[in-house]
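Me: I have a protein model open and would like to go through it with you. Could we begin with the contacts along the chain?

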Amino acid sequence: MSGNGPGDNSPRGLYFLTDLINTVQDDGPASAADLQAVVERHGGQPLALTETAAGELREAAASLVGILELSDEDRAADAINDLLDRYPARPRLVQLPGRPWSLHSRAPHGTEPARWLLSTAALALALWFSERGYCAWGRCAAPGCRNYFIDTGRRSPQRYCSPRCGTRVRVAAHRAQRDQ
């Protein structure tokens, strides 16, 4: 199973997106500081979020869950195209410290963070979907885990958000089989 973090080679924009969505859906509303920490962890510029802007960012992240729930390619393409129409990306090549050049969505000066997030998501989802040709993302299949992940594997579809969740499921299945 491939890793699912910003240290991997691709798709960085989607690691940011799933990290943000997973943070937003954790117990209780994510604070402005929580959201800012996610942005900074992925190399983004400080946003100086107000509570109002943080609320809008939480709503924008939650709206993207619908796309990550899709496994039908036609419906996913339609949803991503709709996102691109509503929030066109202004792509720009950026080199973050210690990383290779990558394509980032550039928010016009004064753009609210939620609009920037949706533009970034539109670009990242479109690039990943077009590279893979299918919905290479999903929700963790481990009982009790609600995290989303980006499927970077090349062979069988990824089912778990992390090796830890996959191991937890295999150990539980082994114990259940042993106890029968």
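Reply: Residues 24 or more positions apart account for 53% of the contacts in the protein with a separation of 6 or more, a contact meaning heavy atoms within 4.5 Å. This is a predicted model, in which local features need pLDDT of at least 70 and side-chain atom pairs count only at pLDDT 80 or more, while totals for chains, interfaces and linings use all residues. Residues are numbered from 1 along each chain as its sequence is written, and side-chain values use heavy atoms, with hydrogens and water left out.

Me: How many helices and strands does the protein have?

Reply: There are six helices and four strands, in the order α-α-α-α-β-β-α-β-β-α from the N terminus. Helices (H or I, at least four residues) and strands (E, at least two) are DSSP runs, numbered from the N terminus.

Me: And what share of the residues is buried?

Reply: Of the 180 residues in the protein, 42% are buried. Buried means under 20% relative accessible area, exposed over 50%, and partly exposed in between, with a 1.4 Å probe and protein chains only.

Me: Which residues have the most contacts inside the largest nonpolar core?

Reply: They are Leu64, Leu83, Leu117, Leu125 and Trp137, in a core of 42 residues. A nonpolar core is a set of buried Ala, Val, Leu, Ile, Met, Phe, Trp, Tyr and Cys residues joined through side-chain atoms within 4.5 Å.

Me: Which elements supply at least two residues of this core?

Reply: These are α1 (12–25), α2 (32–41), α3 (51–68), α4 (73–86), α5 (113–132) and β4 (148–150). Helix α5 gives the most, with 10 residues.

Me: What does Leu83 touch?

Reply: Leaving aside residues up to four places away in sequence, Leu83 touches Leu64, Ile67, Leu118, Ala121, Ala122 and Leu125.

Me: Switching to aromatics: how many pairs does a search of the whole structure find?

Reply: The search finds two. Rings of Phe, Tyr and Trp (its six-membered ring) pair if their centres lie within 6.5 Å; planes under 30 degrees apart count as stacked, over 60 as edge-to-face and the rest as tilted.

Me: Why is the pair of Phe16 and Trp116 called tilted?

Reply: The planes of the two rings stand at 50 degrees, so the pair is tilted, and the centres are 5.7 Å apart. The pair links distant parts of the chain, with Phe16 in helix α1 and Trp116 in helix α5, 100 residues apart. Phe16 is buried at a relative accessible area of 6%, and Trp116 is buried at 16%.

Me: Which residues make the other pair?

Reply: Phe129 and Trp137 form a tilted pair, 6.2 Å centre to centre with 35 degrees between the planes. Phe129 is buried at 13% relative accessible area, as is Trp137 at 7%.

Me: Now the outside. Is Leu93 buried or exposed?

Reply: Leu93 is exposed, because its relative accessible area is 57%. Leu93 lies in strand β1 (residues 91–94) and touches Trp101, Ser102 and Leu103, not counting residues up to four places away in sequence.

Me: How far is the C-alpha atom of Leu93 from that of Arg106?

Reply: The two C-alpha atoms are separated by 9.4 Å, the residues being 13 apart along the chain.
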